[in-house]
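Subject: Structure handover

Hello,

Here is the structure I promised to pass on. Please open it first, then read my notes below.

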Amino acid sequence: PVPTISWRRADGKQIPRKARRHRSSGLLEIPNFQQEDAGLYECVAENVRGKNVARGQLTFYAQPSWTQRIGDVRAAIEERVSWECRASGRPKPNYRWLKDGEPLLPQGRVQLEQGSLTIANVSLSDAGMYQCVAENQHGAILASAELSVIAIGPDFSKTLLKKLTLVKVGGEVIIECKPKASPRPTYSWKKGKDILRENER
C-alpha cells in the first residue's frame, strides 16, 4: 500500500514550527532557513509491509556580515594606532588588510592579527586609506577608514606653570616641562638668557 511519510530530526530536536509539509508529507519546506535549523533530517516511509528511512544533512552557510567596522582616525606623529574589524559568517570569515588598495603585510611597526591592525610609532608615511576585508567562500565584504597623521608644534597652553618659592636653602626643586607636541620635541633649559648646563647640582 501507499506508505505514510513522516519527518524527524536525528538529533532529537523538534522540526521547526515554520516548516511546511506538501504532497502528502513527501516534501518538507523550511522557509527562512537559519543556523539553528541545520542538522540531520530523516524522512520515514512506512506501510504494513515495513519501513524505510532516508537521511539528509542540512548545513547552514552565510556570507560575511559586519558586526564591528573600522572608523577614521587622526593621530599625531609617534602615536600608536589600532583598528579592529569583526564579521559574522559561516564558515568563520578570514581577514586581510589593504592600504590604498594594496595588500598590507605585517612588518616592523605594522602588526596584523586576524581582524586587528596596529601601527606603532606612526609617521607621516602611514597616512592613507585602509581597508579591512572579511571573506569566506560565499562572499567578501570591505570596510574603509582613513588615517590622518598630524604634526603639532610645542603647545604650552595646557601646561600649568607655577611660581616656585624655595622655603629651605639646600632643598630640591623639580620643574616639569610637558608641552603637547608631535613629533616628540627636544628640550633645552635657560635661566634668563643663559643656557643651563648639567652639573653636580
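In these notes, buried means under 20% relative accessible area, exposed means over 50%, and partly exposed is in between (1.4 Å probe, protein chains only).

This is a predicted model, where local features need pLDDT of at least 70, side-chain atom pairs count only at pLDDT 80 or more, and totals for chains, interfaces and linings use all residues. Residues are numbered from 1 along each chain as its sequence is written, and side-chain values use heavy atoms, with hydrogens and water left out.

**Overall**

The chain has zero helices and 19 strands. Both kinds of element are DSSP runs, numbered from the N terminus: helices are H or I with at least four residues, strands are E with at least two. Of the 201 residues, 26% are buried. The chain exposes about 15100 Å², and carbon and sulfur atoms supply 49% of that. Accessible areas come from the Shrake-Rupley method with a 1.4 Å probe; for residues, only the protein chains shown count as cover. A contact means heavy atoms within 4.5 Å. Among contacts with a separation of 6 or more, 55% are between residues 24 or more positions apart.

**Cores**

A nonpolar core is a set of buried Ala, Val, Leu, Ile, Met, Phe, Trp, Tyr and Cys residues joined through side-chain atoms within 4.5 Å. The largest one has 23 residues. Trp-66, Ile-70, Trp-83, Trp-97, Leu-117 and Leu-147 have the most contacts inside it. Strands β8, β10, β13, β14 and β15 (139-150) each give two or more residues to this core. The largest share, five residues, comes from β15. There is also a second, separate core of five residues, including Ile-15, Ala-19, Leu-28 and Tyr-41. As background, nonpolar side chains in soluble globular proteins tend to be buried together.

**Disulfide**

There is one disulfide, meaning a pair of cysteine sulfur atoms within 2.5 Å. Cys-85 is joined to Cys-132, with S to S at 1.8 Å. Cys-85 sits in the loop between β8 (81-84) and β9 (86-90), and Cys-132 in strand β14 (residues 128-136), so the bond ties together parts that are 47 residues apart in sequence. The torsion about the S-S bond is about 45°, so this disulfide is right-handed. Cys-85 is buried, at 0% relative accessibility. Cys-132 is buried too, at 0%.

Val-133 is also in strand β14. Its relative accessible area is 4%, so Val-133 counts as buried. Leaving out residues up to four places away in sequence, Val-133 touches Asn-94, Tyr-95, Arg-96, Leu-98, Ala-140, Ile-141 and Leu-142. Val-133 and Arg-96 are 37 residues apart in sequence, yet 5.3 Å apart in space, C-alpha to C-alpha.

**Salt bridges**

The structure holds eight salt bridges. Each is a side-chain nitrogen of Lys or Arg within 4 Å of a carboxyl oxygen of Asp or Glu. Arg-8, Glu-42 and Arg-55 are linked in a network. Arg-8 pairs with Glu-42, the closest N and O atoms being 2.6 Å apart. That pair links distant parts of the chain: Arg-8 is in strand β1 (residues 4-9) and Glu-42 in strand β4, 34 residues apart. Glu-42 also pairs with Arg-55, with the closest N and O atoms 2.6 Å apart. Arg-55 lies in strand β5 (residues 50-58), so its pairing with Glu-42 in β4 ties together parts 13 residues apart in sequence. Glu-42 is buried at 7% relative accessibility. Arg-8 is partly exposed at 37%. Arg-55 is exposed at 57%. Elsewhere, Glu-84 and Arg-86 meet in a salt bridge (2.8 Å, N to O).

**Backbone**

Most residues other than glycine have a negative phi, and most peptide bonds are trans. The bond from Arg-90 to Pro-91 is cis, with omega near 0°. Pro-91 lies in the loop between β9 and β10 (94-99). Asn-32 has a positive phi, near 50°, and lies in the loop between β3 (27-29) and β4 (39-47). Asn-32 is exposed, at 60% relative accessibility. Gln-114 has a positive phi as well, near 50°. Its place is the loop between β12 (110-113) and β13 (116-119).

Best wishes
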